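Dear colleague,

Please find below the structure that I promised to hand over, followed by an account of what turned up in it.

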Amino acid sequence: MTATVGILGAGKVGTVLARLAARAGYRVLVAGSGAPQKIELTVQVLAPGAEATTADVVAAESDIVILALPLGKHVQLDAAALRGKVVADSMNYWWETDGHREDLGGEGVNTTRLVASHLEGARIVKAFNHMGYHDLEDFAQPAGTPGRRAIAVASDDADAAAQVAALVDALGFDPLVLADLDAGIALQPGHPAFGANTSREELLGLVAAGTVA
Ligand SMILES: NC(=O)c1ccc[n+]([C@@H]2O[C@H](COP(=O)([O-])OP(=O)(O)OC[C@H]3O[C@@H](n4cnc5c(N)ncnc54)[C@H](OP(=O)(O)O)[C@@H]3O)[C@@H](O)[C@H]2O)c1
């Protein structure tokens, strides 16, 4: 059972997810690129109940670690520290942030596979990447709410996917578990499901539309 949720990245997405997770009753640890003191106030104000700490502590003490940093910086992540961990990758290639990079943004590149090859031995799940941070903020709803929005989850590790799906549900969204990590490419920028803030059924349709050749 997930007790502690760790978040690497204290920006727009990281702080919203931290706030939702703290509200859902998890212990929440957040780390940025530098010392905890740099993000302490941000975390205190934007995610009451969450704790600013170091990336080492996030990796050591979290049951699920969410990656919420710029994709181009994933090579900075400590693979040894995250080995064996369930890691949810919310990152997207965004040229405005990452620069023009064919290795990250080329046709057919599943960016979570790149992250997985850096984080060898981590239990990688693609999740939280297709919905804008303001929608995460505005549309979190209790289970059973009519029209509840959905978030897709994709992994080759069924148990890790199930753990992240349960987190998605606890944070306020219906989880949609895709077949495997390859299927998760349909959630990336340039595909119909990217940006989706819709019900599980409609999200399934958008994913299918993005998977058709
Ligand atoms: N914005 C959205 O609506 C949205 C939605 C879904 C997914 N995403 C994806 O989520 C990721 C974060 O987006 P964002 O909009 O939250 O970006 P953001 O507001 O720029 O925040 C990124 C954060 O990552 C931190 N960071 C940089 N390197 C780090 C490292 N090595 N370890 C830990 N933290 C590090 C940055 O801290 P410093 O300032 O100290 O460098 C910054 O606080 C991106 O990959 C983005 O594509 C964004």
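Eight strands form an open sheet with mixed pairing, in the order β3-β2-β1-β4-β5-β6-β7-β8, and its edge strands, β3 (51-52) and β8 (174-177), each pair on one side only. Two strands are said to pair if DSSP finds at least two bridges between them, while strands (E, at least two residues) and helices (H or I, at least four) are DSSP runs numbered from the N terminus. Please bear in mind that this is a predicted model, in which local features need pLDDT of at least 70 and side-chain atom pairs count only at pLDDT 80 or more, whereas totals for chains, interfaces and linings use all residues. Residues are numbered from 1 along each chain as its sequence is written.

The overall picture

The protein chain has ten helices and eight strands, and its C-alpha trace spans about 45 × 40 × 30 Å along the principal axes. A compact globule of 213 residues would have a radius of gyration near 17 Å, and the 16 Å of the protein chain agrees with this; the radius is taken over C-alpha atoms, and the globule rule is 2.2 Å times the number of residues to the power 0.38. Buried residues make up 46% of the 213 residues, where buried means that 20 or more other C-beta atoms, placed from the backbone, lie within 10 Å of the residue's own, exposed means 12 or fewer, and partly exposed lies in between.

The sheet, strand by strand

Strand β1 (residues 4-8) is mostly covered, with four of its five residues buried, and it pairs with strand β2 (residues 27-31) in the parallel sense over five bridges, L8 having A31 in β2 as its bridge partner. Strands β4 (residues 64-67) and β5 (residues 86-89) are likewise parallel, over four bridges, with V65 opposite V87 in β5. Four bridges also join β5 to β6 in parallel, and here V86 is partnered by R123 in β6. With β7 (residues 150-155), however, β6 pairs in the antiparallel sense over three bridges, and K126 stands opposite A154 in β7.

Because five of the five residues of β6 are buried, this strand is largely enclosed by the rest of the structure. R123, V125 and A127 point one way from β6, and I124 and K126 the other way. F128 is buried, with 27 other C-beta atoms within 10 Å.

With best wishes
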